[in-house]
Amino acid sequence: QRQMCIRDREKHTSPIFRRATQFLRGQSARIFKEVSLKRVDVIVFKGSEPHVAIISYEKYKHLQDEGKL
């Protein structure tokens with residue numbers, strides 16, 4: 001699997017959706033890898049409702065530096 005170049009990362013702005021049960025099935029490492037390497041945001045659903053959002057640390061720091069957090 002190839003890593004996305006910076007240009008590809010910047011184009012991808014839509015979040016991906018995951019179910020909370022995926023974390024219980026041992027898929028958390030794969031999901032965290034998607035966030036950190038592909039720079040995508042993840043919305044985690046619990047039941048049919050969005051429960052939490054996962055963003056990269058880089059994006060978190062950027063938002064914090066801009067005073068948006």
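**Figure 1. S56 and the residues it touches.** In this predicted model, S56 touches V35 and R39, leaving aside residues up to four places away in sequence. Look for S56 in the loop between β3 and α4. S56 counts as buried because its relative accessibility is 9%, and buried means under 20%.

Figure 2. The side chains of E34 and R18 make a polar contact with each other, at 2.9 Å. Not counting residues up to four places away in sequence, E34 touches I16, R18, R39 and V40. Is E34 buried or exposed? With a relative accessibility of 12%, E34 counts as buried. R39 shows up in the previous view too, where S56 touches R39.

Figure 3. L69 counts as exposed because its relative accessibility is 59%, and exposed means over 50%.

**Figure 4. The chain from end to end.** Stepping back, you can count 4 helices and 3 strands in the chain. Starting at the N terminus, the elements go α-β-α-α-β-β-α. The chain has 69 residues, and 22% of them count as buried. Its accessible surface comes to about 5500 Å², with 54% of that belonging to carbon and sulfur atoms. Among the contacts in the chain with a separation of 6 or more, 41% are between residues 24 or more positions apart.

**Figure 5. Confidence along the predicted chain.** Averaged over the chain, the pLDDT is 84, and 81% of the residues score at least 70. Where is confidence highest, and where is it lowest? Strand β3 (residues 49-54) has the highest mean, at 95, while helix α1 (residues 6-11) has the lowest, at 49. Over residues 1-9 the pLDDT is below 50, and this stretch has 8 contacts in the model beyond near neighbours in sequence.

Conventions: Residues numbered from 1 in each chain as written. Predicted model: local features only at pLDDT ≥ 70, side-chain atom pairs only at ≥ 80, totals over all residues. Heavy atoms only, no water. Buried < 20%, exposed > 50% of the residue type's maximum accessible area, 1.4 Å probe, protein only. pLDDT = per-residue confidence, 0-100. Helix = DSSP H or I, 4+ residues; strand = E, 2+ residues; numbered from the N terminus. Contact = heavy atoms within 4.5 Å. Polar contact = N/O pair within 3.5 Å; in protein donor to acceptor, adjacent residues only side chain to side chain. Areas by Shrake-Rupley, 256 points an atom, 1.4 Å probe, with all protein chains shown as cover.
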